[in-house]
Amino acid sequence: VQLQASGGGLVQPGGFLRLSCAAAGLNFRLNTLDWYRQAPGKQREFVAHITSGRSTNYADSVKGRFTISRDNVERTMYLQMNNLKPEDTAVYYCHTVYRDRDFWGQGTEVTVSS
């Protein structure tokens, strides 16, 4: 299983970014997929997930600002991040569980700063 995250960068407060996570080596359409993030000096934390049936759940800190989605044809998950805040600065990781094993992407860095 391979997960490849991309789309991070430097953005001003109030700005937006769209992260992507391309997956290979699993039955993509059947898997729940997640985004996590890890800020400098902090533990990795849950951001959002989307099930095979496209049910979604979000951390309270991002509700109303972030939207998770998936394209089963392209085998890609997305995280649309709007109204970004400095506290959203972190490395963002995509994650899934496949055959009882955890798989993580390599992370993509998001910096929110003026």
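Which residues touch the most other members of the largest nonpolar core? In this predicted model, that core has 31 residues, and Trp-35, Leu-79, Met-81 and Tyr-92 are the ones with the most contacts to other members.

## Overall form

The protein has eleven strands and zero helices. Along the sequence, the pattern therefore reads β-β-β-β-β-β-β-β-β-β-β, since a strand is a DSSP run of E and no helix run is present. The radius of gyration is 13 Å, close to the 13 Å that the globule rule gives for 114 residues, so the protein is as compact as a globular protein of that length.

Taken along the principal axes, the box filled by the C-alpha atoms is roughly 40 × 25 × 25 Å. Of the 114 residues, 41% count as buried.

## The open sheet

Four of the strands form an open sheet, in the order β1-β3-β8-β7, with antiparallel pairing. The strands at the edges are β1 (residues 2-6) and β7 (residues 66-71). Each of these has a single partner strand, so one side of each is left without a neighbour in the sheet. From one strand to the next, the twist averages 15°.

Within this sheet, strand β3 (residues 17-24) and strand β8 (residues 76-81) run antiparallel and are joined by six bridges.

At least two of its residues come from each of β1, β3, β4 (33-38), β5 (45-50), β7, β8, β9 (90-98) and β11 (108-112).

Leu-79 is one of the core residues that touch the most other members. When residues up to four places away in sequence are not counted, Leu-79 touches Leu-17, Arg-18, Leu-19, Trp-35, Val-47, Ala-48, Phe-66, Thr-67, Ile-68 and Tyr-92. Two of these neighbours, Trp-35 and Tyr-92, are themselves among the core residues that touch the most other members.

## A buried histidine

His-95 lies in strand β9. Its relative accessibility is 5%, and because the cut-off for burial is under 20%, His-95 counts as buried.

The side chain of His-95 makes polar contacts with two aspartates. One is with the side chain of Asp-34, at 2.7 Å, and another is with the side chain of Asp-102, at 2.6 Å. Leaving out residues up to four places away in sequence, the residues that His-95 touches include Leu-3, Thr-32, Leu-33, Tyr-36, Phe-103 and Trp-104, as well as both of these aspartates.

## Two loop residues with positive phi

Most residues other than glycine have a negative phi. Two loop residues have positive values instead. Asn-83, in the loop between β8 and β9, has a phi near 50°. With a relative accessibility of 43%, Asn-83 counts as partly exposed.

Asp-100 is found in the loop between β9 and β10 (101-104). Its phi is positive, at about 65°, although Asp-100 is not a glycine. Is Asp-100 buried or exposed? Asp-100 is exposed, with a relative accessible area of 78%.

Technical notes
Residues numbered from 1 in each chain as written. Predicted model: local features only at pLDDT ≥ 70, side-chain atom pairs only at ≥ 80, totals over all residues. Heavy atoms only, no water. Pairing = 2+ DSSP bridges. Axes fitted to C-alpha atoms, helices over the stretch in contact; angles between N-to-C directions. Core = buried A, V, L, I, M, F, W, Y, C linked by side-chain atoms within 4.5 Å. Buried < 20%, exposed > 50% of the residue type's maximum accessible area, 1.4 Å probe, protein only. Contact = heavy atoms within 4.5 Å. Polar contact = N/O pair within 3.5 Å; in protein donor to acceptor, adjacent residues only side chain to side chain. Rg over C-alpha atoms; globule rule 2.2 N^0.38 Å.
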